[in-house]
Amino acid sequence: MGSAEDLAYPQIILQYNSGFLVSKVMFTACELGVFDLLLESGEPLSAGAIAARLGTSTTGMERLLDACVGLKLLAVELGQEGALYRNTEISNIYLTKSSPKSQYHIMMYYSNTVYLCWHYLADAVREGRNQYEKAFGISSKDPFGAMYRSEEEMLKFMAGQNSVWSICGRDVLAAFDLSSFTKIYDLGGGGGALAQECVSLYPNSTVTIYDLPKVVQVARERFVPAEERRIAFHAGDFFNDSIPEAELYILSKILHDWDDDKCRQLLAKVYKACKPDGGVLLVESLLNEDKSGPVETQLYSMSMLVQPEGKERTAAEYSQLLEAAGFREIQVRRTGKLYDAVLGRK
């Protein structure tokens, strides 16, 4: 008779094998508008009614809905007219487009972009480089040129990042008391969700979003309200253009995009521009010091390989990068969520 570990082994493999299927069920239900329809309807609906309103087959929709019930994304009621489906609280909060905490956009980005790169994960491991050329037929030499290869792709990415900060932004900004910093630059600030969280949490601060010209234009036109006077914009490339003086620089999910040499190059520029007694706030998903987890961060590190060729790091590794640039009094705060905070002072 096998040991308990032997008996548990097939179940573990089954769970890992089904992981891709689980995510695709959720992504597909989002893409088709299942959760939005059930929220708008205000009442449970049958598979036939949902299929008719979303333009799908009843057979396919019924299987999709049942799978969502199994995943606790939907609840089902059995009555005289058959099965009626409704959203769970989780779906209403995170999977409907209209929710302030919606994760719809980041899920669509993963489904339609990230997963196509992951298809070539074995090639990425063999070659040690991103897989945009195989996935999309475009040059992989400029990772963000590839990521922003069309306005549609850029919008998907920016909206996706904004959705992440809708649930994680306040935690990383509140990890340290940043109220003494009034002039802040958000390098690579994208769609501005973190900047908006920052001025909400620290109303005496002003935040300038520094990003590529086309990103700044879209952020200004599509994501940041025109009446928000505490947020400004600076168009440029922070590797090749100058970085203006500020009291605090926020680098949220920036360093994980790049290798150590590029990180050192950027942090040296930030240190030079930073006002005396100013600082830099890194927002990243931190690996355990022995790199044994968290598993989400380990998987993000694989995504950095197939996309921009960066990597996730430990707190000690980020601290070493900051120290090499000249920063001191480095502190680390784990938030208990997806992203953590590292603060260095000049």
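Mentor: Let us begin with the record. An unreviewed UniProt entry places the feature "domain: O-methyltransferase C-terminal" at residues 118-328; such positions are given in the numbering used here, feature names are shortened, and annotations may be inferred rather than shown by experiment. The model is predicted, so local features need pLDDT of at least 70, side-chain atom pairs count only at pLDDT 80 or more, and totals for chains, interfaces and linings use all residues. Residues are numbered from 1 along each chain as its sequence is written, and side-chain values use heavy atoms, with hydrogens and water left out.

Trainee: What is the helix and strand content of residues 118-328, and how far apart are the end C-alpha atoms?

Mentor: Helices (H or I, at least four residues) and strands (E, at least two) are DSSP runs, numbered from the N terminus. The span 118-328 is 46% helix and 17% strand, and its end C-alpha atoms lie 38 Å apart.

Trainee: Which domains does the domain assignment give?

Mentor: Domain bounds come from an automatic or database domain assignment. Here the assignment gives domain 1 (11-95) and domain 2 (170-345). Taken over C-alpha atoms, their centres are separated by 37 Å.

Trainee: How should I read the largest nonpolar core, and which residues touch the most other members?

Mentor: In soluble globular proteins, nonpolar side chains tend to be buried together. A nonpolar core is a set of buried Ala, Val, Leu, Ile, Met, Phe, Trp, Tyr and Cys residues joined through side-chain atoms within 4.5 Å. Buried means under 20% relative accessible area, exposed over 50%, and partly exposed in between (1.4 Å probe, protein chains only). The largest core has 100 residues, of which W165, L187, Y249, L251, L266, L281 and L282 touch the most other members. Helix α10 (residues 151-173) gives the most to this core, with 9 residues. Domain 1 (11-95) and domain 2 (170-345) both give residues, so the core lies between them.

Trainee: With which residues is L187 in contact, leaving aside its neighbours within four places in sequence?

Mentor: Contact means heavy atoms within 4.5 Å. On that basis, and with those neighbours left aside, L187 is in contact with Y210, F238, I243, Y249, I250, L251, I254 and V270.

Trainee: Which residues of helix α12 are buried, and where do they pack?

Mentor: In helix α12 (residues 213-223), the buried residues are V215, V216, V218 and A219. Seen down the axis, they fall within an arc of 165 degrees, so they line one face of the helix; the arc is that of the directions from the helix axis to the C-beta atoms. These residues pack against α10, β4 (206-211) and β5 (231-235).

Trainee: Is Q103 buried or exposed?

Mentor: Q103, in the loop between α5 (89-94) and α6 (104-118), is buried, with a relative accessible area of 9%. A polar atom of its side chain lies 3.2 Å from the backbone oxygen of K101. Beyond four places in sequence, Q103 is in contact with Y94, S163, V164, S166 and I167. S163 lies in helix α10 and counts as buried at 5% relative accessibility.

Trainee: What of Y271: where does it lie, and what does it contact?

Mentor: Y271 lies in helix α13 (residues 260-273) and is partly exposed, with a relative accessible area of 25%. Leaving aside neighbours within four places in sequence, Y271 is in contact with A325, G326, F327 and K346.

How values were computed:
Polar contact = N/O pair within 3.5 Å; in protein donor to acceptor, adjacent residues only side chain to side chain.
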